[in-house]
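Student: Could you take me through one part of this model in detail? I'd like to go slowly and look at how the pieces sit against each other.

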Amino acid sequence: MVDVFDIYNKMERNNILLSFKGEITSDLLTSILQIMENKMENMQEEPKMKKKVYNVLVECLQNLYHHLDDSSNFTGDTNRSAIFMIGKIDGKYSIFTGNYILNENINGLKARLDEVNSLSKEELKEYYKKVLNNGEMSLKGGGGLGMIDIARKTGEKLEYDFLEIDNKVSFFTLNIKVSQQN
Amino acid sequence: MDKYAIEGTPKTPSISFDLNGGVLEIKGRSIPENSIEFYKPLVDALDKYSSAAKSATTVNVQLEYFNTSSSKCILDVFKKLEGINKGGSAVTIHWHYEEDDEDMLEAGEDYQAIINVPFKMVMVAE
């Protein structure tokens with residue numbers, strides 16, 4: 001028997017407003033965004049905060065969506081499934097995402113995240129413009145701007161972790177904080 | 001073709017391009033997963049327009065949200081406009097942002113720094 005109460009309590013403790021585990025589709029993203037927009041409306045969130053959270057949500061969710069395309073060679077449990085959660089504690093939003101990643105892709109992703117985390121606000125602005133103007137447009141469209149944009153808009157470091165599952169795949173988790181100040 | 005227009009959706013903006021009047025408007029949200037596909041018809045319409053551009057071209061961009069996938073496509077649109085401006089049609093890009101939306105203002109300034117076309121930052125009261 002699944003311990004539903006345990007899952008409930010864990011979510012309650014982390015003030016989770018919305019969570020989802022499963023396959024990330026385009027329609028699902030539309031729904032999640034709509035739900036969160038309504039929720040923030042009902043919570044009478046400040047427009048500025050609402051916009052920031054919405055923007056960051058779009059990038060986080062679309063990262064998941066696009067990233068899962070790469071995992072077509074996963075089988076069984078390690079498929080296109082991912083987890084997404086958003087919570088609010090002490091006026092600060094926290095967005096968590098988790099998805100499988102091939103071990104061979106970890107170093108590249110880690111290097112990009114560390115690079116973004118090492119930059120100041122001003123440096124992020126310059127880096128964004130450089131990638132926007134010179135960066136290659138990937139077929140999926142992002143071209144590596146997502147993480148830079150998230151770091152720029154939140155003014156927070158991107159917290160991440162890679163949990164090794166076996167010699168082929170790991171589970172990648174990302175935690176993005178969004179607060180009013182920035 | 002003297003007018004290119006599409007309706008907005010929850011993920012894509014409304015676009016209205018009056019080729020005879022030389023007025024292009026992009027309004028709403030631009031957060032599609034595949035923005036290249038969405039913006040291609042507009043880029044093609046601009047290509048067509050560039051060979052018979054009016055003496056002045058007015059562009060109004062009023063976006064509530066746009067994702068990073070769209071940001072590159074918007075840059076492509078602006079690069080087309082840069083070419084049209086060079087070709088003799090006086091282009092002005094009016095970049096609208098809501099009063100408290102510093103991120104949107106900054107995004108406009110980023111484009112202004114990259115694209116060699118006059119920009120006007122237009123503040124919209126909420």
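Student: Is the crossing of α4(A) and α6(A) left-handed or right-handed? Please give me a close look at α6(A) while you are there.

Tutor: Happy to! Please keep in mind that this is a predicted model. The crossing of α4(A) and α6(A) is right-handed. The contact is built from R112(A), L113(A) and V116(A) on the α4(A) side, and from M147(A), I148(A) and A151(A) on the α6(A) side. Sorted by class, these residues are five nonpolar and one charged, with no polar residue among them.

Now for the geometry. In chain A, helix α4 covers residues 106-118 and helix α6 covers residues 145-154. Their axes come within 10 Å and cross at roughly 30°. Angles under 35 degrees count as roughly parallel, and α4(A) and α6(A) are therefore roughly parallel to each other.

Next, look at the surroundings of α6(A). Of its 10 residues, 10 are buried, so α6(A) is largely enclosed by the rest of the structure. The three that α6(A) brings to the contact with α4(A), namely M147(A), I148(A) and A151(A), can be found in the buried set. That set also includes D149(A), R152(A) and K153(A), as well as L145(A), G146(A), I150(A) and T154(A).

Key: Residues numbered from 1 in each chain as written. Chains lettered and ligands numbered in written order. Predicted model: local features only at pLDDT ≥ 70, side-chain atom pairs only at ≥ 80, totals over all residues. Axes fitted to C-alpha atoms, helices over the stretch in contact; angles between N-to-C directions. Helix = DSSP H or I, 4+ residues; strand = E, 2+ residues; numbered from the N terminus. Parallel < 35°, antiparallel > 145°, perpendicular 65-115°, else oblique. Left-handed = near helix turned anticlockwise from the far one by under 90°. Contact = placed C-beta atoms within 7 Å. Nonpolar A, V, L, I, M, F, W, Y, C, P; charged D, E, K, R; others polar. Buried ≥ 20, exposed ≤ 12 C-beta atoms within 10 Å, placed from the backbone.
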